[in-house]
Amino acid sequence: MVLEMSLKQSTPKTEASNDVILEVKNLKKYFPITGSLNNTVSQVKAVNDVSFSLIKGETYGLVGESGCGKSTTGRTILRLLEPTEGEVIYDGQNINKLKGNDLRNIRRELQMVFQDPYSSLNPRKRVGTILEETLKIHKMGNKKERTEQVMNILNKVGFQREHYYRFPHEFSGGQRQRIGLARALIINPSIIICDEPVSALDVSIQSQVLNLLEDIQQEFNLTYLFISHDLGVVRHISDRIGVMYLGKLVEESPTDELYTNPLHPYTKALLSAIPVPNPFVKREKIKLIGEIPSPVNPPSGCVFHTRCPFAMDVCKQDEPIMKTLDLEHKVACHLY
Amino acid sequence: MQNVMTEEQLNVLKSDMKKKHRNLLVKRFLSNKLALSGSIIMIVIILLAIIAPFFTSFTPYELDAMKRLKAPGGEHFFGTDNYGRDLFSRVVHGARVSLMIGFAVAIITSILGMIIGLYSAYFKKLDGVLMRISDGLMAFPAILLAIAIMASLGPRLENVIIALTIVFTPSVARTVRSAVLVVKEQTYVEALRAQGASSSRIIWLNIAPNVLSPLIVQATFIFADSIIIEAALSFLGAGIPAPDPSWGNLLYDGKTVIFNAWWMTLFPGIAIMLTVFGLNLFGDGLRDLLDPHNNKAKK
């Protein structure tokens, strides 16, 4: 994957223009664990105090191993899961406080592309009907205009008009993912949350979908929150990257800076796990020992101290705060 | 490249696709032996029930003391019963009653079960209440519950339908509920919520079509079951009141003379058996047919 993809050469477009489009502040999502009497015994802290912001037109990659809360973060932002605490601010409005019609209107601006292309399309409906439904929900246009728009958007994601009346099972995984993208695009949102959009696809199809995502981003001036565990994919598509561990954001940096100069020990370990094509290159490898701790009962202090090769005493007691170093590079670690 | 179609092209395309799918469906139906034979049996029985009364030379109520318990043959096709009534005419008229009850119960339970199943699966709070009620109803054996309800309502055709509806609705609701529980976890339901769809749009336009196939299959089995239970009720004297023929009544009449007049139990028995057999075949065939994932495999 890493091999065949051209790396993003452009300098991050983030600096200077601090055009924040979406701001996530101290977002928390705890899932209750209920006992036999439906009482809350304890909580799974899936997302534990995450803050970041999206800048208009950028792609923000959110990476981390499975179970670290990156998908939950995406779903909580969209209110598919009710947040436990925190604010998500879009266009001056706190999404977490919206109800009814206001919430529906904000959903025109924030859309999502899902991981599983097989269960994300209703098997009983024709592709055209699936896409048209989104327009119907938002009461846009009449029958003819809607059909026209569906045809247009299908064309944008590389389908012909004869695909309009096909059923989802007549398509392959990559094609279905493109239909999923068309569904997100059709009401003209400004932010799309991509929840591992390519992880269920073959490598050859992955690059096809990623290129489509990039083309569409330029054409519609979209902002992506790109959730993935594939560091190669994230490097290819993101302008900035946030690294999550156990429900917390541990490092955030522009892509090139992160890959050349990772600061947090967890990020270093992640990056040293990327295979290098040249077998003679010697690298310093950081191996993590042990399992990711349970989010029900996260470690005190820095959540990473149980597996960190550089752990100090202070790490067990105090929780590190996010520090901004040079070049927009932020890290939450006592080493810096 | 032209990417927007004119209205006309669109309609042509649409009717083409629909025709293709319809042809495929017909072809698959014809190649499905179970569904085909089941539906042939049912069509014959239903046609007999509708048409035959116009051709029988006797009404089901016509008494003839001279011709009591005549064996089949001659002008009495299936023989006569202990009052000298023509058995063929009574079986055919009984078919009307039995099929009508079965059909009505299947339709009403499907509608009620669908509503209860959909809402209790989608809204967790309703689930507890509705499912406990249906658990309570399901705890009674079907036939006992039906008898109890009939005993309190009195033997009448409408009451049989009401009793059987109460007996069968919980099981339909359960079937629908379990199907909905699977469907509502699918990503496309989440996608609809992400797009801001209302819960009634999600429930009726997106989840309901996906639980229709188990429901239709269940409904054909309930059709068959209610014919059997109606027969049992009438046999026990708690169903269709006496002079009117129903298959259960006929069996009841035949019971006392079973050693002298075998035809009085045999023919209604065969009628019940054939109908239930046909319905069950049809239901099994439908189950295979309605699965959308089979579309490709059986081309």
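How many salt bridges does the structure hold over all chains? The answer is 25, a salt bridge being a side-chain nitrogen of Lys or Arg within 4 Å of a carboxyl oxygen of Asp or Glu. This is a predicted model, in which local features need pLDDT of at least 70 and side-chain atom pairs count only at pLDDT 80 or more, while totals for chains, interfaces and linings use all residues. Residues are numbered from 1 along each chain as its sequence is written, chains are lettered from A in the order in which they are written, and side-chain values use heavy atoms, with hydrogens and water left out.

**View 1. A salt bridge inside chain A.** Look here for A:Lys143 and A:Glu132, whose closest N and O atoms are 3.3 Å apart in a salt bridge. A:Lys143 belongs to helix α4 (residues 143–156) of chain A and A:Glu132 to helix α3 (residues 127–137) of chain A, so the pair ties together parts that are eleven residues apart in sequence.

**View 2. Chain B on its own.** Chain B has ten helices and zero strands; helices (H or I, at least four residues) and strands (E, at least two) are DSSP runs, numbered from the N terminus. The C-alpha trace of chain B spans about 85 × 45 × 30 Å along its principal axes.

**View 3. Where chain B meets chain A.** Here 34 residues of chain B are in contact (heavy atoms within 4.5 Å) with 36 residues of chain A. The area buried between the two chains is about 3,400 Å², and carbon and sulfur atoms give 54% of that; buried area is the accessible area (1.4 Å probe) that two parts lose on being put together, summed over both.

**View 4. A salt bridge across the interface.** Two salt bridges are counted between chain B and chain A. In one salt bridge, the side chains of A:Arg75 and B:Glu190 meet at 2.5 Å, N to O. On the side of chain B that touches chain A, the elements giving two or more residues are α1 (7–31), α7 (187–194) and α8 (199–235) of chain B. The largest share, eight residues, comes from α1(B).

**View 5. A nonpolar patch on chain B.** B:Phe103, B:Ile107, B:Ile108, B:Ile111, B:Leu112, B:Ile115, B:Trp204 and B:Leu205 make a nonpolar surface patch of about 690 Å². Such a patch joins nonpolar side chains (Val, Leu, Ile, Met, Phe, Trp, Tyr) within 5 Å, from residues with over 30% relative accessible area and no salt bridge; accessible areas come from the Shrake-Rupley method with a 1.4 Å probe. Helix α3(B) gives the most to the patch, with six residues, and B:Ile111 is found in that helix.

Definitions and conventions: Patch = residues over 30% accessible without salt bridge, like charges linked within 9 Å, V, L, I, M, F, W, Y side chains within 5 Å.
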